[in-house]
Each structure stands twice: as C-alpha cells, then as structure tokens.
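Dear colleague,

Please find the structure below, handed over for your records. My notes on what was found in it follow directly after.

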Amino acid sequence: MTAYVIRRLWQMIPTIAGVILLIFFLFNWVGGDPAQVLAGKISNPEQIANIRKQLGVDQPYWYQLWVFVQQVFTFDFGRSWSTNEEVSRILLTRVGPTLTIMIPVLIIETSLAVLFAIMVAYVRGSLTDRGIMITCTVAMSVSFLVYIIVFQWLFGFILGWFPVQGWSESFWKNLTTYAPLPIMLAVFVGLAPQLRLYRSFFLDEINQDYVRTARAKGLSEKKVMLKHVLRNALIPILTNIGISLPGIFVGSFLLEVFFSIPGLGREIITAVNRSDFPVIKAVTVYLAVITMIINLLVDVMYKYVDPRVSFK
Amino acid sequence: MSAVLTNPALPPVRESPGLWSLAWRRLRQDAVGMVSLVVVAIFIAMMAGSYFGLIAKDWNKEKGVSYANPSFLAGSENLEARSMGAKDAAAKAPPVDLSDVDPLAPRYKEWEERAAKIAVTETKRSEVLPFGGDKWGRDVLQKAIKGSEVSIFVGLSAALLATLIGTMLGAAAGYWGGWANDLLEWVYNVFTSIPYILLILAFAAVAATSGKFGKGILPIVLILSLTGWTGIYRLMRAEYIKHSNREYVKAAQAIGASNWSRMFGHILPNVSHVSLVQLSQHVVGFIKAEVILSFLGFGVPVDMVSWGTMLAEAQNELVIGKWWQLFAAGASMAILVTAFSLLTDSLRDALDPKLK
C-alpha cells in the first residue's frame, strides 16, 4: 500500500512537469506579448518596454520558465496584472464561496441520483423507466444557460422566493439565502445525466448471477437491491464521483457569473476577460495537482470499497 | 450423343454485405434513429442554405419595430417600441429656432435644399414579425436560422478536427507502441489532469490575447478541438493495439504493405465506426460548449450570431417579458441536440450490434 502510494506520487512528477510546460508554452510562447494588451490604446514603445520589464517577458524563455517553476513551488505567483491583488490571496479567498455551492450540490445530486437510479433500474423496461429516460434525454438537450436564465427569472424575479443574485460576508446567510437557488439549479441540471449513467451501472449488476442467488435464497427484494446490488454498483459510481470531484473547485462558473457569487469560477472568467495570466496560470497548475491527488485518493478508496482490488 | 450442354443457371453470386451496408440496414429499421437522422439532415440543409444565402439572407436587416411582437401575439402591447418611436418622433420635430444666435443660420436654407435632393427611402417597420423581433427589430426566426448555421458549423468542424487529431495520435500510439506510445500517453495525462473547462478557458485566454488562432470562428473551432481530442485518442489507441496484432494485418505485412498502408489502409476502415460514433458524440458536446463560450464572450465574434449570442441577449429580454428570442434559440438547439444524441445512440447500436 505505502509502496503503491509512493510509486503513484513518483509517477506524478512527469505529469506535473508536463502541465507546467504546457501552461508555459501556452501563456509565455503562444500567448504573445501581454504588454500590448495591458498598456491599452494610449501606449508608446517606452511604456510597453517598461511593462515588459515589469512582467519579466523581456527575459529569454529559459529564464521565464525557471521563474515560472519557482512560482509553482513557492506558491507565489506575484500579483494579479489587473487588480494588483496577490494571486495566492485571490485563490484562497475565492475558494470558500465556490465550495459553499459545490459541496451541497455534490452531496444532494449524488444521493438523489443514486436513489432515483436504483428505483428506475428496479422497474427497468417498464413505461415509467422509458418515460423517465426520454425525459432525461430531452432535459439534457436544453442548454444549461436556458435553465439558469429561466430559473433565475422565475424563482428570483417573478415568484421572489430567492434573491435574484448576491452574496454576503456571513457563511450561514450565504448558505440559507443566496446559495439555495444556484444549488437547486445545479442539482436539477446534473441529475439527468447522472441518473442515466447510474441506472446503467445498476442494470449491469442486476443481471449478475449473485443477484439470482440472493433471490433464490429467499432474500427480500429490499435486501437484494440495497445490500447486494447497491454495494456492487457503488464501485463505478465512486469512480464517477472521483472524476467529477476536481470540478467542484472550479465550480459552476456559469452559476457564479449569473448569481454574482465571488467564487473561483467567476474569478477565472474575469481573468480570461482581462488577460490576467498569473491568475489563470496559478489556478490551472494547482487544479491539475489537486486532480492528480484526488485520483490517487479515489484509487486508494477502492481498496476499502472492493476488497478484490489489490495494489500492484 | 453430344447433347447440348446447358449450363445450369448459376445462382447469382451474392455479395456478402459489408459493415456499412449492414449498419445502414439496421439503422433503417430503427424508427427513432431514422426520425433523428431526418431532423439532423434538415438542420444541416438549413445550415447549408443559410451559408449559401438561400435562406435567412437578410437576418441583419432591421425590418420590424424594436421587440416586434410575434404574429400570433399581434394584439399585445409593445411598450418598448412605443418609447423608441416617441424618441424618433422627438428627434424629427423641428428644432427650436435659434437663428438669431446661430452663426450657421444663413446656410440652413441651402443645406435643406441639398438634403431634399437626396432621396431617403424610409423603410416602414412592421409591428409584427413571424416569430417576433429583437431589440433592433431583426427577425428572430431568421436570426435563429443564421445562428444555427454558426453553431452547427462550429460543432461539426471542431468535432471533425478533434476526431482527426484523436485518430492520428491514437493510431500512432497504438500501432507503434514503444516511445511513441509513452510520449503520447504523457501528453494525454497532462491534458486530462487539467479540468476540461479550465483547459478550454486557458486556451480561450491565450487565443483572445495573442490573436494567433486566426479570426472569426476559427479560434473557437481550434480551442474546442485542441482540448477535446483526448477521449477519442484513448479509444482509437485501444482499437489500434487490439487490431495491430490481428492476422489480417500480419497478412498485409507479408504481402509487403507499408506501415502507413497498414495503419490507414487496413486497420482504419476496420475501426472507423468507433471514430464515427465519437464524432457524432463530440458534435453534440461542442455545440453545447460553443453556446456557453459565445455567451461568455469567448466564442464567435460580436458581428456574428450564434445560439450563444442570442441567449446572451435573451437574458435581459426575459425580464421585460420578451421571451421569443430565448425560446427560438433554446428550442432549436434542444431539438438538434436531442436528435443528434438519439442518432448517436442508434448509430452505435447499428454499427456494433454486439453491444446491445
């Protein structure tokens, strides 16, 4: 086990190096000269040269790469190009609101999807099953944008159940006042694809021999479904949660933009709009690292869910 | 003795149907698949018609009053148009006479005469349009058609490019193995360790700043395909690993087929159904992504219309009760995406009956 974890961590090094190279290649090489953008319309060559010097883009590429590597390992990306706020501070203060939305979303969405999926899988082939599946396909084809626009208008503007947008300093006020509508939206939109996916996981298990054996033993349907089928289907479900887990840090950037939630997602959009490269670079590199660590944790967790898994 | 030998009529040689004709036969029996195919074909025909200027040519003309009502709501009040009309009328009213202080006053008459010589055709703006108008009085229905042209074109070309990249790299990694495989797996790991949305936005930021991705809709096509090839690569690599040791490939090698010919002449036709299904799946994903990126302003340029830019306008319109633009863009996208997803499912079933 320890050997496995160490080997996996060791294998991360080339990938992290690759991420650093890719980001460097994109922003420092393809990205061109940011000084032109930052200087704005009223600029003279002197000003641009000054900005270039400030940003360090007048240095040779190998030196810029070295600076970037240092930034990654010292967690010091300097200051934002547009607001002059420290990048590390931006990241730390924006993560909170994003997680306030995304953790409830993840919990509610997964439990609802598992619950509905096992019910639909139980009545597989019936009219209910087919009806729900068609509804899911149609629901999935409507753009997320349309849902947000309509929900915000209906529940915030027409019915007035929730504030249209906003955020406060207090965590509880956020969670109880501002977060419910975005959470509800994200759950609503995320439910259809997950329900379809989890239904197929349950269907894979339902036809297995051990299920027939359990029934032959005379176990109640409830026990067969909840104890035998559910526990086996949890393995692919866990993988799927593991894949989507890194995404909760970016959050649903669309929700954050629409509901003015000062989270990471909105920060990234703002940074892209303003060509604020340090912020985007920092977010991308660290999220890649987080993704790799989460993947490792999920793989280790398999061991506890499925004793057949052995680490090689 | 020598009876005329009559050749008994040989049974006509029946050609065994190939993969594609079998798949087509299966697809034709699938009612859902055929209906979706027709819907998709209509959308693509619409796209082509709009591209060649056969339909929706004058989508950019301001034909109606501001927020003209849809013809089925002809009677309802249109406050926005009235206030705009009032503004227009105010602008046309004779100006206050300032001739005693205005140094230009003596020349007014001359200018008026000259202005009268220029024929100004005042277009009559209609109160209603078939499916309503937008803020500038453009026909929403035509806008939606033009918008689908851009959205579908972006989705199709990005998916084609991503499939091409994914297939080439997958073929290289799967066929050659060794260091080519190691290198490409490393690239794959790097690309997939960055959350997909973030990768797209990073590319979008660079494209917007550098301008090296071209102009018009080229940047968005490049962004989507350069970030979206990974899934296809992985699948094609697995297929190539599986196939490159099969006997027919060995036989091709024995008769002297080159590596290139074995990769693309022999193996590719046998795995192309996988890439076709992937292509179709990615079109749907990319159309959805284009809509969101255009909404955020990282997609198609401002002088073009796509479903995403329509939805961006629709957000403010809904508050004043003008729902038709939202509906036109949302519904046409939903219909196409539903049809395309169902078609993908049918294609997969038709091409790989073992899966069922």
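Two residues are taken to be in contact if their C-beta atoms, placed from the backbone, lie within 7 Å. This is a predicted model, in which local features need pLDDT of at least 70 and side-chain atom pairs count only at pLDDT 80 or more, while totals for chains, interfaces and linings use all residues. Residues are numbered from 1 along each chain as its sequence is written, and chains are lettered from A and ligands numbered from 1 in the order in which they are written.

The interface

On that criterion, 39 residues of chain A are in contact with 37 residues of chain B. At least two residues each of the side of chain A that touches chain B are supplied by α1 (2–30), α2 (34–39), α6 (127–141), α7 (144–158), α12 (247–250), α13 (253–258), α14 (264–273) and α15 (277–305) of chain A. Helices (H or I, at least four residues) and strands (E, at least two) are DSSP runs, numbered from the N terminus. The largest share of this side, 8 residues, comes from α1(A). By class, this side of chain A has 28 nonpolar, 11 polar and no charged residues; here Ala, Val, Leu, Ile, Met, Phe, Trp, Tyr, Cys and Pro count as nonpolar, Asp, Glu, Lys and Arg as charged, and the others, Gly among them, as polar.

One residue of chain B with contacts in chain A is B:Pro195, in the loop between α6 (178–193) and α7 (196–210) of chain B. Leaving aside neighbours within four places in sequence, B:Pro195 is in contact with A:Pro246, A:Gly247, A:Val250, A:Leu287 and A:Thr291. B:Pro195 is buried, with 21 other C-beta atoms within 10 Å (buried means 20 or more such atoms, exposed 12 or fewer, and partly exposed in between).

The nonpolar core

A nonpolar core is a set of buried Ala, Val, Leu, Ile, Met, Phe, Trp, Tyr and Cys residues joined through C-beta atoms within 7 Å. The largest such core has 147 residues, of which A:Ile268, B:Leu198, B:Ala204 and B:Leu311 touch the most other members. Apart from neighbours within four places in sequence, B:Leu311 is in contact with A:Ser143, A:Leu145, A:Val146 and A:Ile149, and also with B:Val291, B:Phe295, B:Leu326 and B:Ala329.

Chain A

Chain A has 15 helices and 0 strands, and its C-alpha atoms fill a box of roughly 85 × 60 × 35 Å along the principal axes. Of the 312 residues in chain A, 32% are buried. Among contacts in chain A between residues at least 6 apart in sequence, 68% join residues at least 24 apart. A:Ser260 has a positive phi of about 45° although it is not a glycine. A:Ser260 is in the loop between α13 and α14 of chain A and is partly exposed, with 14 other C-beta atoms within 10 Å.

Helix packing in chain B

Helix axes are lines fitted to C-alpha atoms over the stretch in contact, and angles run from 0 to 180 degrees between N-to-C directions. The axes of α5 (residues 140–176) and α9 (residues 230–244) of chain B come within 7 Å and cross at roughly 40°. The residues of this contact divide into 12 nonpolar, 6 polar and 2 charged.

The axes of α1 (residues 19–29) and α13 (residues 324–351) of chain B come within 8 Å and cross at roughly 130°. B:Ala23, B:Arg26 and B:Leu27 in α1(B) meet B:Ser346, B:Leu347, B:Ala350 and B:Leu351 in α13(B).

With kind regards
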